[in-house]
Amino acid sequence: MITAERKPLAEIIDYIDNCRRILLVGCNECVTVCAAGGRKEVAMLASAMQMDFMKRGKTVDIREMTLERQCEPEYVEELAPFIDQADAVVSMACGCGVQEVVRRFRGKRVYPAVNTSFMGAAERPGVWAERCHGCGNCLLGLTGGICPIARCSKRLMNGPCGGSSKGKCEVSTEIDCVWQLIWDRLKELGIEDRYEEIILAKDWRTERGGGPRKIVREDLAQ
Amino acid sequence: METFEPVIVAFCCHYCAYTAADMAGTMRLDYPANVKIVRVPCSGKVDPIHMMKALELGADGVLVAGCLEGDCHFKTGNVKAARRVTYVQTQLEEIGVEPQRLAMVTMSAGMGTRFAAIANEFTEQIRKLGPNPVAAARKAQAAPAPVAQVN
Ligand code: SF4
Ligand code: SF4
């Protein structure tokens, strides 16, 4: 999933301080699962904003809406009946959701309420960790299913580096050395020979090196 | 100057604090009428939004009262409640509302005396803090209609 964390309230308020009517929009997908921008977080932020305004003797109208997926035009369309009644939209979706709202409602100011962080997985309740960078040419088949691009601090294709110590990365003792994890996993699977094969320099054009990316499925595209 | 009588909302777990409050009554112990009790099936049922809404809508203080550690009827509801209280306190701090307006307390069903003591102490603590700044501003504005709305 895409993970995110709510921005500090002061930053959000700063964007909308001169607005009286806010459309506060969450998303039911990734940001709900990582507890950053789902229905509950929308309600919490609305309440916090309301209190902040009231405390300063100001009033604000906040309409709370949580869309099924804010990154798809069909769902973003649900905002249309309410958009004119809002001075600004505050979005609690990831950056993709924010930009879909921007693309649909050209004349409206749209502000982000979360910091979109990374593609990751829930290690345990309340803890999310980075797992994939979307490099466009997945290597997991060569590395025992563990990603050196997202999880090695240096993105080494043939690690570990000399900084690997007792299974930890030199960047922090909190970070597992991913090349240790890869080695352990290859051994577990009985395919440690794989480790001897050099992974060639990566062609980063499939990642961001080739500019913004697009996927077109001709059979589906309209 | 009129004396300030705080409004305290106490979310009380059915298995402990609610019964303790009842016992305080049966024991004829005095505790302030300021404390409004909301019975919940477990302190773990109290969501951060309940705590926020209570303060947003005018409570001067909010108590979440659950079972003693290790005694939760649902195993860890009280531990989760305590963590949520801490989380909401950070949110309150961000808005500049005193985090001490919200507190987690624990007791067993038999602790009527403890319930009354906590009710007294917390009411005093909130009285010292003064009115909830949000509620005060709301009153001053002659209460605009609540506008937050859930889809
Ligand atoms: S190799 Fe690329 S696509 Fe595969 S997990 Fe790593 S970053 Fe993601
Ligand atoms: S210690 Fe391991 S994870 Fe850290 S930079 Fe070196 S190879 Fe990568």
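In this predicted model, the side chains of B:D47 and A:K40 come together in a salt bridge, with a distance of 2.6 Å from N to O. Between chain B and chain A, the count of salt bridges is 2.

Which elements of chain B give two or more residues to the side that touches chain A? They are helix 2 (48–56), helix 3 (77–95), helix 5 (133–140) and strand 5 (149–150). Sorted by class, this side of chain B has 16 nonpolar, 5 polar and 5 charged residues. The contact as a whole takes 26 residues from chain B and 25 residues from chain A. The size of an interface is often expressed as the accessible area that is lost when the parts come together. Here, chain A and chain B bury about 2200 Å² between them, and 59% of this area lies on carbon and sulfur atoms.

Attention may now turn to the sheets. Strands of a sheet pair through backbone hydrogen bonds, and the pairing may be parallel or antiparallel. Chain B has an open sheet of 4 strands with parallel pairing, in the order 2-1-3-4. At its edges are strand 2 (35–40) and strand 4 (102–106), each of which pairs on one side only. From one strand to the next, the twist averages 20°. Strand 1 (residues 8–13) of chain B is joined to strand 2 of chain B by 6 bridges, and the two run parallel. Within this pairing, B:C12 stands opposite B:R39 of strand 2.

Two helices of chain B pack on this sheet. Helix 1 (residues 17–26) touches strand 1, strand 2 and strand 3 (61–66), and its direction makes about 115° with that of strand 1. Helix 4 (residues 112–129) touches strand 1, strand 2, strand 3 and strand 4, and its direction makes about 160° with that of strand 3.

Chain A has an open sheet of 3 strands in the order 1-6-7, with antiparallel pairing. Its edge strands are strand 1 (2–6) and strand 7 (127–132). Neighbouring strands of this sheet are turned by 70° against each other on average, direction ignored. Strand 6 (residues 114–124) and strand 7 of chain A run antiparallel and are joined by 5 bridges. A:M119 stands opposite A:C132, a residue of strand 7.

Key: Residues numbered from 1 in each chain as written. Chains lettered and ligands numbered in written order. Predicted model: local features only at pLDDT ≥ 70, side-chain atom pairs only at ≥ 80, totals over all residues. Heavy atoms only, no water. Contact = heavy atoms within 4.5 Å. Buried area = accessible area lost by both parts, 1.4 Å probe. Salt bridge = Lys/Arg side-chain N within 4 Å of Asp/Glu carboxyl O. Nonpolar A, V, L, I, M, F, W, Y, C, P; charged D, E, K, R; others polar. Pairing = 2+ DSSP bridges. Axes fitted to C-alpha atoms, helices over the stretch in contact; angles between N-to-C directions.
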